[in-house]
Amino acid sequence: MRPDESQLIAWRRELHTWPELSGKEFATTKRLREWLQNAGIRLLDIPLETGVVAEIGSGETLIALRADIDALPINETSGVRFHSRHPGIMHACGHDVHSAVMLGAALELKALEAQLPGRVRILFQPAEEIALGAKQLIAAGMLKNVQAIFGMHNEPGLPVGTFATRNGAFYANADKFIIRVTGKGAHAAHPEQGVDAIVVASQIIQGLQSLTSRGFNTLDSLVLSVTRIDGGKTWNVLPSGVEFGGTARTHDMLVRAGLEEKVRQLVGQFALAHGAEATLSWHPGPPVLINDPEWAQFSSDVAQLLGYRVRTADLHLGGEDFAFYLQHIPGAFVSIGSASDYGLHHGSFTPDEALISPAAHYFAQLSQRALQHLSARCCASTPTETH
Ligand SMILES: [Zn+2]
Ligand SMILES: [Zn+2]
């Protein structure tokens, strides 16, 4: 039996009205626990202040589903009736939608519990936006004995009813960098008495743009953006230092390592040429998300069967901490169309709620079929395919 669509939408709206930042999802956690427990679904103990892990079914065969539950420091401008009541915080990435989808999947799986050939563990993961929650749940042992994991992100650029995924690399290595240039402050009228950190920083920024376009194969997937500059306080003083930073996105570990090394060299050499000093700190974010080819195909086949229009997803330059799970166990991450005029992380982002109920049904069906597939693979004398 499928859960009532209006119930799933009501839950999504309640989460949307009361969004919480990464690692601070206390009320969200309380609500999720109540809704799951009221449906008779068992919860596992986890050593985290936020996040919920539920489990349905019994037996050795075990798969996992994952929803993320955190919101962003963004002021909502969507104009919806159930807009955020926490000023400056908004579910602008649709994690409220993802949570409602997995709640719906949990309810449908609960109704099928007696027939399930194994267990489905559902991770309502905190702190995705700061790439922390997946690592915390892994450290808490939540992947132990899990044979495959599945998750989704809504995709505003795709119509509702559309499904997309791809084999291998999908989301990017999403790294952060900070560059600090130290020169020598001086009167603005006498630059010859100092070392102009602003000029050095400007040249490094220009150099970085040439480096990515000239220093790598055009077919390598990479982008480097400087997103902030901080230096100087007034009009007639050359500051002694400038700090700037941004992000680098790649889909290949070798390209990622090569980019960091080349940026480090460029920063050092430009500074040296001007008699300044400069340092680079590189902060690796979530790694490239690599879908298991077999499970990506399996996920697409089930989507097709349930009536989704299935596409091969393009490479995505966003980061997604689901990638950490896939470093440990196989699985697949998929995109489901949410048809919003405004994109993710925008104050007017408005996903179409019509995606929720079909996606919940999809993940319940995917889970059931994945368990059947794994049970058949493990115990049959001759392996049989169920897809
Ligand atoms: Zn996001
Ligand atoms: Zn997101």
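In this predicted model, the axes of helix H5 (residues 197-214) and helix H6 (residues 253-273) come within 10 Å and cross at roughly 145°. Axes are lines fitted to C-alpha atoms, for helices over the stretch in contact, with angles from 0 to 180 degrees between N-to-C directions. Helices are DSSP runs (H or I, at least four residues), as are strands (E, at least two), numbered from the N terminus. In H5, residues including Val200, Ile204, Leu208 and Leu211 meet residues of H6, among them Leu259, Val263, Leu266 and Phe270; contact means heavy atoms within 4.5 Å.

Cys93 sits in the loop between strand S3 (62-68) and helix H3 (95-111), and His345 in the loop between strand S16 (331-337) and helix H9 (356-379), so the pair ties together parts 252 residues apart in sequence.

Cys93 counts as buried, at 6% relative accessibility, whereas His345 counts as partly exposed, at 40%. Buried means under 20% relative accessible area, exposed over 50%, and partly exposed in between (1.4 Å probe, protein chains only).

Residues are numbered from 1 along each chain as its sequence is written, and ligands are numbered from 1 in the order in which they are written. Local features need pLDDT of at least 70, and side-chain atom pairs count only at pLDDT 80 or more, while side-chain values use heavy atoms, leaving out hydrogens and water.
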